[in-house]
Amino acid sequence: MRSKLFVPGSRPELFEKALNSQADGLSFDLEDAVAAAKKDEARLSLKAWMQLPEVCNSAKVIIVRVNAMDTAYFEQDIAQVVQPGLNMINLPKPDSAQAVLEAIALIEQAEQKNGVNLDGTQPVQLLLNIETPKALRIAFELASAHPRVAGLQLGLADLFEPIAISRSEKFAVHYAMMQVKLAAAEAGVAAFDGAFANIKDPEGFLAEASFSASLGYTGKSCIHPTQIAMANEAFRPSDAAIAHALKVVQAALEAEANGIGAYVVDGKMIDPPFVKSAQKLVASARQLGLIQ
């Protein structure tokens, strides 16, 4: 999921346009993008839309960002939006592993009630927002709380603004990115970069996306359709990287057959960590249809 487009849950006229976009994933927002008076209406519109055949059969990752667990909206959000077309719940501001487990218990109840995942093969997963100092500190605990946790998503505005850290301070951005990536890696889940609010600064968006891609992030949030192509490009493996990875994978097979532990490919010493990285890159390229 290189690109994840945010769509306000209160704007159903945008749903089909988003589904026809080039974004890999769609995140329908019931939280910040929806005024309190519109919460119920937005939830019901989204519930009906996610049951449509074109949504259920879509190749896109369908995500709903629900309201936080300490709000009056959370339980109804879960009860209504866990529908056949849903892939992930995006959970804002989780503050403990226990909270994650409580959210999953509600998701499981909604699955049973709404006829979702009855055969146990397509469970609704969780994407956890890391957007408070505490969440950043316990990011590994959150990521490893349950197998349904598919990834961590960095939310820099919520993380920085309340404590007067500048969003434009690169050291702070890079520090938070590295912390989230390492926690996600330890837990064996994906790391997703957050939003870049200045839609009139494409160079800034692309620079930030390229940096997070260099850290091994899977993709980046987009708050405007113009950011989708940039995210897709930033998180696309380059042709040169794919070619090198294919050589490494082939060399690894030959080395294993001949009992060789370390070897050279394109002038670079290769051992198991590089092989694992190459295998992951090749798998990603295949998933994107870049190679057969």
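1. Helix H4 (residues 74-81) packs against H5 at an angle of about 40 degrees, and their axes are 8 Å apart. Helices here are DSSP runs of H or I of at least four residues, strands are runs of E of at least two, and both are numbered from the N terminus. The axes are lines fitted to C-alpha atoms, for helices over the stretch in contact, with angles from 0 to 180 degrees between N-to-C directions. This is a predicted model: local features need pLDDT of at least 70, side-chain atom pairs count only at pLDDT 80 or more, and totals for chains, interfaces and linings use all residues. Residues are numbered from 1 along each chain as its sequence is written, and side-chain values use heavy atoms, without hydrogens and water.

2. On the H4 side, the contact (heavy atoms within 4.5 Å) is made by Phe74, Glu75, Ile78 and Ala79. On the H5 side, Ala103, Leu106, Ile107, Ala110 and Asn114 take part. By class, seven of the residues in this contact are nonpolar, one is polar and one is charged.

3. Which residues of H4 are buried? They are Phe74, Asp77, Ile78, Gln80 and Val81. Buried means under 20% relative accessible area, exposed over 50%, and partly exposed in between, with a 1.4 Å probe and protein chains only. The cover over these residues includes helix H2 (39-50), strand S3 (61-65), strand S4 (88-91) and H5.

4. The largest nonpolar core has 68 residues, and Phe28, Leu46, Val64, Ile89 and Leu152 touch the most other members. Such a core is a set of buried Ala, Val, Leu, Ile, Met, Phe, Trp, Tyr and Cys residues joined through side-chain atoms within 4.5 Å. Helix H9 (residues 170-187) supplies the largest share of this core, seven residues. A second, separate core has 14 residues, among them Ala245 and Tyr263.

5. Leaving aside neighbours within four places in sequence, Ile89 is in contact with residues including Val64, Ile78, Val81 and Ile107.

6. Asn117 sits in the loop between helix H5 (97-114) and strand S5 (125-130). Why does Asn117 count as buried? Because its relative accessible area is 15%. A polar atom of the Asn117 side chain lies 2.9 Å from the backbone nitrogen of Gln122.

7. Ser168 is in the loop between helix H8 (156-160) and H9. Ser168 counts as exposed because its relative accessibility is 63%. The C-alpha atoms of Ser168 and Gly25 are separated by 26 Å, although these residues are 143 residues apart along the chain.

Methods
A polar contact is a pair of N or O atoms within 3.5 Å; within protein, one must be able to donate a hydrogen and the other to accept it, and residues adjacent in sequence count only if both atoms are side-chain atoms. Ala, Val, Leu, Ile, Met, Phe, Trp, Tyr, Cys and Pro count as nonpolar, Asp, Glu, Lys and Arg as charged, and the others, Gly among them, as polar.
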